[in-house]
Each structure stands twice: as C-alpha cells, then as structure tokens.
Amino acid sequence: MSAHPTDENWIGRRIASLRRERGWTLAVVGQRVGLSTTQLSRIESGGRQSSVGTLIELARVFEMSLSELVAQEPAQTFHLVRAGDHAPYDSANGAMTPLSGHYPGISAVLLTIQPSSDAPTAHHSGEEWLYILHGSVEVSIGNERVHLESGDALHFPSAHAHSVRGLGDGPTRALLVSTASNLQEASTHLPPANPDASRS
C-alpha cells in the first residue's frame with residue numbers, strides 16, 4: 001500500500017489497515033484515543049477529518065511516529081524535508097505538513113490554520129510546543145485562553161483539553177511539536193495484536 005497525494009482518504013484507510021492488522025476493534029482503539037466507534041469509523045471511511053491531536057495519539061497507539069502513520073517511507077539514518085518537498089494533508093485543524101521522521105521521541109508538523117470559530121478539542125498524553133510563524137491564534141487549555149501572535153511560543157502538557165482557533169482574516173502558519181508518550185504504558189490498555197484478525 002502506498003500513499004498518493006490525490007488520495008483524500010489515504011490516512012483513513014491507513015488507520016483502518018493498521019487497526020485490523022493488530023486485530024483491534026473500533027471500540028478498543030476509539031476508547032484509547034477518546035473517540036466513539038462512530039467517530040473513528042467516519043475517520044477511517046473518509047467521512048470525517050481527524051484533528052492533529054487525534055493523529056498524534058493514533059500514532060502512539062500504533063507505536064509509530066506521526067510521519068509513519070500518514071505516509072509509508074523507508075526508515076533512514078536521518079529524515080530530511082526540503083522546502084520544495086512539503087506534503088500537506090488536510091486535518092480538522094487545517095493543512096498539516098509532517099516535518100519529523102520515523103523516530104519515536106517527537107512529532108513535528110507545520111500547520112496552516114484557517115480563521116474559524118469551530119476549533120476541534122484534543123487531549124492526549126505528552127507535551128506540546130506551539131510556535132507562531134505568521135498570523136495569530138487563540139489557544140484554549142482547560143478553562144484558560146491564550147492569544148498568540150507571530151513569534152510567540154507556548155509549551156503545555158497536552159493531557160489538558162486544548163484547542164487552537166485561527167484569528168484574523170487570513171491563515172496562520174505555526175510549528176507544532178509534540179513529545180511521545182510512554183508507549184509501554186499505553187500498550188497496557190490494548191489487547192495483543194492479532195495479525196489474522198480483521199473484524200471491526
């Protein structure tokens with residue numbers, strides 16, 4: 001299976017394939033990432049776009065990097081993304097361009113956030129660091145709201161419910177770096193992988 005830039009549901013089918021390879025049901029994976037079976041099913045079928053936070057948590061559940069989740073590339077000694085090779089994917093937060101490689105420590109993405117009054121809420125293990133390259137956003141963390149402008153950086157534990165909403169008339173570009181969770185701890189919440197199982 002290989003990714004194609006024009007395949008709008010590549011990520012959803014990739015998630016479904018990885019889940020079935022492990023013999024995990026929609027309910028089991030949905031519970032781990034905080035989604036209902038209906039929500040996860042819609043992501044897999046292409047009826048709903050996943051948020052960046054959900055993709056990060058799904059990558060952790062599958063014990064892989066975000067880059068591995070959204071595109072199949074051979075692992076190398078280093079990971080290089082040239083400026084002209086950016087490959088954005090649509091997400092509920094806007095266009096997401098993975099910048100990190102197949103290493104488990106961090107996930108780094110470039111976000112292009114459109115002005116919106118409807119920002120998806122996420123919460124997952126680890127930490128996040130957000131740096132605004134251009135534009136402005138409002139970040140909600142629990143009951144607190146933080147306004148960020150170009151050059152501002154925000155670091156917070158991502159276990160708190162959080163969302164990012166674009167402000168102004170144009171898109172905001174931002175770097176988002178997320179640390180990895182304890183995969184051994186996460187795996188204790190899931191049944192053993194069963195490559196022969198394919199049920200939903």
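**Note on the helices and strands of the predicted model**

1. In E7, Ala153 is the bridge partner of Tyr131. Strand E4 (residues 127-134) and E7 run antiparallel and are joined by five bridges, where strands are DSSP runs of E of at least two residues and helices runs of H or I of at least four, numbered from the N terminus, and two strands pair if DSSP finds at least two bridges between them.

2. This is a predicted model, in which local features need pLDDT of at least 70 and side-chain atom pairs count only at pLDDT 80 or more, whereas totals for chains, interfaces and linings use all residues. Residues are numbered from 1 along each chain as its sequence is written, and side-chain values use heavy atoms, with hydrogens and water left out.

3. An open sheet is formed by three strands in the order E6-E5-E8, with antiparallel pairing. Strand E6 (144-149) and strand E8 (162-166) each have a single partner strand and stand at the edges, so one side of each is left without a neighbour in the sheet. Between E5 (residues 136-141) and E6 the antiparallel pairing extends over six bridges, and Val137 stands opposite Leu148 in E6.

4. In helix H2 (residues 26-33), the buried residues are Leu26, Val29, Gly30 and Val33. They cover an arc of only 100 degrees around the axis, which puts them on the same side of H2, the arc being that of the directions from the helix axis to the C-beta atoms. These buried residues pack against helix H1 (10-21), helix H3 (37-45) and helix H4 (52-61), contact meaning heavy atoms within 4.5 Å. Just after H2, Gly34 takes a positive phi of about 80 degrees.

5. The axes of H1 and H3 come within 6 Å and cross at roughly 120 degrees, with axes taken as lines fitted to C-alpha atoms, for helices over the stretch in contact, and angles running from 0 to 180 degrees between N-to-C directions. That makes H1 oblique to H3, since angles under 35 degrees count as roughly parallel, over 145 as roughly antiparallel, 65 to 115 as roughly perpendicular and the rest as oblique. Gly12, Arg13, Ile15, Ala16 and Arg19 of H1 make the contact with Leu40, Ile43 and Glu44 of H3.

Definitions and conventions:
Buried < 20%, exposed > 50% of the residue type's maximum accessible area, 1.4 Å probe, protein only.
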